[in-house]
Amino acid sequence: MKRFIFLLFLFPLISQAQTPELIFVFLNKRTDKAGLPEAEVKKIMEGHLANISRLASEGKLLSAGPFDGGGGIFIFKSKSVEQVKEWLQTDPGVQANRWRVEVLPYFPRVGGACAVKEPYEMVTYHFVRYIPNIAKFNIQDTPRIFKSHDDYMKEIIKTGNVITEATFGDGEGGVLIMKGDLDPAVIENDPAVREGLLQLEFQTLWIAKGGLCER
């Protein structure tokens with residue numbers, strides 16, 4: 001029952017019954033595996049990039065980009081997490097278990113995912129992931145705190161620096177992608193972060209300009 005209540009009020013602007021039009025993939029850098037020989041890594045990455053190009057040419061993959069320091073993201077045009085998991089099996093890096101892969105339904109409230117044609121202009125953005133942290137001490141206050149979170153996000157969006165703000169549904173949190181200078185304290189002052197309902201991960205994302213439907 002508590003789990004149901006939590007999911008009901010987590011990011012309330014998104015209906016949990018809504019069918020996604022996009023699927024988001026995290027390729028999380030792994031630190032628990034031994035390093036591979038340089039030649040093998042090069043071969044895997046060449047295959048990885050070739051597979052990205054093929055999926056994009058087939059209209060399946062809309063956006064992709066690496067994080068500084070390793071790992072990255074994909075955004076697929078699909079309504080099905082299971083379908084995207086099948087598509088990912090053609091990636092040599094996934095086959096080699098190079099990353100810890102997460103596949104999530106994606107619901108942008110600002111921005112989106114758009115195919116970009118070559119030649120690409122690569123740009124960097126601040127990438128913030130919000131990870132839910134539900135516990136006995138905060139579950140009763142979940143509706144109030146997440147209403148404050150949504151109100152706080154609206155104020156950040158008013159700055160004009162937000163490229164994407166989105167949720168993953170099913171209590172999986174969300175992301176904020178921003179341009180320009182970012183003071184981490186602005187994100188950390190989010191009421192849901194201060195009260196422990198959301199944990200943060202900060203990354204620098206490289207992506208083709210326009211790939212998040214920004215102008």
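Arginine 129 and glutamate 102 are both buried in this predicted model. The two residues form a salt bridge in which the closest N and O atoms are 2.9 Å apart. Because arginine 129 lies in strand β5 and glutamate 102 in strand β4 (residues 99-110), the pair ties together parts that are 27 residues apart in sequence.

A further salt bridge joins arginine 109 to aspartate 150, with 3.1 Å between the closest N and O atoms. This pair links distant parts of the chain, with arginine 109 in strand β4 and aspartate 150 in helix α5 (residues 142-157), 41 residues apart. Arginine 109 has a relative accessibility of 25% and so counts as partly exposed, whereas aspartate 150, at 5%, counts as buried.

The side chains of arginine 54 and glutamate 58 also meet in a salt bridge, at 3.0 Å from N to O. Arginine 54 is partly exposed, at 31% relative accessibility, and glutamate 58 is partly exposed with a relative accessible area of 40%. Both residues belong to a network of salt bridges that also takes in Lys60. Over the whole structure, the search finds twelve salt bridges.

The largest pocket has a volume of about 1000 Å³. Its lining comprises 42 residues, of which His48, Leu49, Ile52, Pro66 and Phe74 are the closest to the centre. At least two lining residues are supplied by each of β1 (22-29), α2 (38-57), β2 (61-66), β3 (72-77) and β8 (198-208). Helix α2 provides the largest share, eight residues. By class, the lining of the largest pocket consists of 24 nonpolar, twelve polar and six charged residues.

The second largest pocket has a volume of about 170 Å³. It is lined by 14 residues, and those closest to its centre are Asn28, Lys29, Phe67, Glu201 and Gln203. Two or more lining residues come from each of β1, β5 (122-132) and β8, with β1 giving the most, four residues. The lining of the second largest pocket divides into four nonpolar, five polar and five charged residues.

Tryptophan 206 is found in strand β8 and, at 34% relative accessibility, counts as partly exposed.

Note on methods:
Residues are numbered from 1 along each chain as its sequence is written. This is a predicted model: local features need pLDDT of at least 70, side-chain atom pairs count only at pLDDT 80 or more; totals for chains, interfaces and linings use all residues. Side-chain values use heavy atoms; hydrogens and water are left out. On a 1 Å grid over the protein atoms alone, a cavity is a set of points where a 1.4 Å probe fits but cannot get out, and a pocket is an open set with protein on both sides within 12 Å along at least five of seven lines; lining residues have an atom within 4 Å of a point. Grid points are joined across faces, edges and corners, and a volume is the space filled by probe spheres set on the points. Ala, Val, Leu, Ile, Met, Phe, Trp, Tyr, Cys and Pro count as nonpolar, Asp, Glu, Lys and Arg as charged, and the others, Gly among them, as polar. Buried means under 20% relative accessible area, exposed over 50%, partly exposed in between (1.4 Å probe, protein chains only). A salt bridge is a side-chain nitrogen of Lys or Arg within 4 Å of a carboxyl oxygen of Asp or Glu.
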